[in-house]
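Work through the exercises below with the sequence and the structure at hand. Each task is followed by a solution in steps.

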Amino acid sequence: MSSKSTWNDTKLKKLEDLWKQGHPISKIGEMLGVSRNSVAGKAHRMGLPKRTSPISSAKKENLSVEKNNETSNIDLPLKIKLRSVQWSRTKCCWPEGDPKQNNFKFCGQDIFPGRPYCDKHSLLAYTNARENS
Ligand SMILES: [Zn+2]
């Protein structure tokens, strides 16, 4: 009359220890090599205190997970410059220099009537557009 899942004093002691440490029933069964039902039944017969779910409290903590939704709001030089020239539609906004560099700026000359750029740059834009087509 011997089976693999026989309870002996060592196992019972361990069950009691693990139970009191708050391990999940399934985990205790795993560690003792018995089924979850066997652990639960044994614990019940041993009069061990009923288990409250150890997970519920841990889950609540995770609800306050920080949301790192910060939009990359890097003010690029180009953006700043664009903003500053928007007050006037009469200035040439032809970009000069590298937008990533500090020396970047807009032309700022008076525009050629009907064009967004000064005469020099509207000519340049016009020429480029024609050559690229
Ligand atoms: Zn210009």
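**Exercise 1. Contacts along the chain**

Among contacts in the protein chain between residues at least 6 apart in sequence, what percentage join residues at least 24 apart?

Solution. The model is a predicted one. Take the contacts in the protein chain whose residues are at least 6 apart in sequence; of these, 29% link residues at least 24 apart.

**Exercise 2. Elements and burial**

List the secondary structure elements in order, and give the share of buried residues.

Solution. Step one: the protein chain has six helices and two strands. Step two: along the sequence they are arranged as α-α-α-α-α-β-β-α. Step three: the protein chain has 133 residues, and 8% of them are buried.

**Exercise 3. The length of α1**

Solution. Helix α1 covers residues 9–21. After α1 comes Gly22, with a positive phi near 90°.

**Exercise 4. The pairing of α1 and α2**

Describe how helices α1 and α2 are placed relative to each other, and name the residues that make the contact.

Solution. Two packed helices are described by the angle and the distance between their axes. Here the axes of α1 and α2 (residues 25–32) come within 10 Å and cross at roughly 150°. Angles over 145 degrees count as roughly antiparallel, so α1 is roughly antiparallel to α2. The crossing of α1 and α2 is right-handed. On the α1 side the contact uses Lys11, Lys14, Leu15, Leu18 and Trp19, and on the α2 side Ile28, Met31 and Leu32. By type, the residues of this contact are six nonpolar, no polar and two charged.

**Exercise 5. Two residues and their surroundings**

Are Gly33 and Lys120 buried, partly exposed or exposed?

Solution. Start with Gly33, which lies in the loop between α2 and α3 (36–46). Gly33 has 10 C-beta neighbours inside 10 Å. A residue with 12 or fewer is exposed, so Gly33 counts as exposed. Gly33 and Thr6 are 27 residues apart in sequence, and their C-alpha atoms are 9.6 Å apart.

Next take Lys120, a residue of helix α6 (residues 119–132). Lys120 has 13 other C-beta atoms within 10 Å. From Lys120 to Gln109 the separation is 11 residues in sequence and 9.4 Å in space, C-alpha to C-alpha.

Note on methods:
Residues numbered from 1 in each chain as written. Predicted model: local features only at pLDDT ≥ 70, side-chain atom pairs only at ≥ 80, totals over all residues. Helix = DSSP H or I, 4+ residues; strand = E, 2+ residues; numbered from the N terminus. Buried ≥ 20, exposed ≤ 12 C-beta atoms within 10 Å, placed from the backbone. Contact = placed C-beta atoms within 7 Å. Axes fitted to C-alpha atoms, helices over the stretch in contact; angles between N-to-C directions. Parallel < 35°, antiparallel > 145°, perpendicular 65-115°, else oblique. Left-handed = near helix turned anticlockwise from the far one by under 90°. Nonpolar A, V, L, I, M, F, W, Y, C, P; charged D, E, K, R; others polar.
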